[in-house]
Amino acid sequence: MNAIQKILVIMIFSLLCSLVVIEIYIDRAAPVLSNIENVALYYTENTAATEIMGTLTIGDLDTRTLHGASIQIINNFQYAEDTLAYNASMPTSITVNTQVSGAIILSGVASLSEYQTALRAITYHNSKNPPNISTRTVSFSVSDGTNNSLPVTRDIIIIPSNDAPVLDNTHVLKLDAVREDAGVPSQ
Ligand SMILES: [Ca+2]
Ligand SMILES: [Ca+2]
């Protein structure tokens, strides 16, 4: 091998090494959740299930697909009244697991835009009257199969409503019989 051939071999080897370094660096890029609403969600008692993250977007420098997501009420979860669910916009390539109380786990290989649609479809509903008015905090994160995104959160402020009073006419008025001339009956 002459000098020129040696130089070529060294150049090719160096180029391959740099490509490996670049690949290792790129594979470390975690997905990023952004454009979260910067104000709390106000949820009024007795209203329908409401989307929590309507403007959320997902980015990832090196991955075209995601493998899963986690959504959880991390503050003040009320077992008897809080429900996380999803609306009809959930992509069919994503499987929903709601077995865990106060949390939803999404799985399935799907595009960033499909996971974006899925996260925007997650809803909160409160079934209690009167509800517990402690502020809930819901956390969202996604995974590209290797790296998890940093979680993002949004608070939910519960607004109770003052229901109208209801008259109860289910009871029958009962009168004791009084014998004539017997005076006032004893208690
Ligand atoms: Ca990635
Ligand atoms: Ca009420």
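The model is predicted. Helix H2 spans residues 112-120 and has buried residues. An open sheet of three strands has the order E3-E9-E6.

**Helix H2**
- Tyr 115, Gln 116, Ala 118 and Leu 119 are buried in H2.
- These residues lie on the same side of H2, because they cover an arc of only 160 degrees around the axis.
- In an α-helix, residues three or four places apart point the same way, because there are 3.6 residues a turn.
- The cover over the buried residues of H2 includes strands E4 (57-59), E5 (65-75), E8 (103-111), E9 (122-126) and E10 (136-143).

**Nonpolar core**
- The largest nonpolar core holds 26 residues.
- Ala 69, Ile 71, Tyr 115, Ala 118, Leu 119, Ile 122 and Val 138 touch the most other members.
- E5 gives the most, with four residues.
- Beyond its neighbours within four places in sequence, Ile 71 is in contact with Leu 84, Ala 103, Ile 104, Ile 122, Val 138 and Phe 140.

**Sheet E3-E9-E6**
- The pairing in this open sheet is antiparallel.
- E3 (50-51) and E6 are the edge strands, and each pairs on one side only.
- E3 and E9 are joined by two bridges.
- Thr 50 has Tyr 124 in E9 as its bridge partner.

Note on methods: Residues numbered from 1 in each chain as written. Chains lettered and ligands numbered in written order. Predicted model: local features only at pLDDT ≥ 70, side-chain atom pairs only at ≥ 80, totals over all residues. Buried ≥ 20, exposed ≤ 12 C-beta atoms within 10 Å, placed from the backbone. Arc of directions from axis to C-beta. Contact = placed C-beta atoms within 7 Å. Core = buried A, V, L, I, M, F, W, Y, C linked by C-beta atoms within 7 Å. Pairing = 2+ DSSP bridges.
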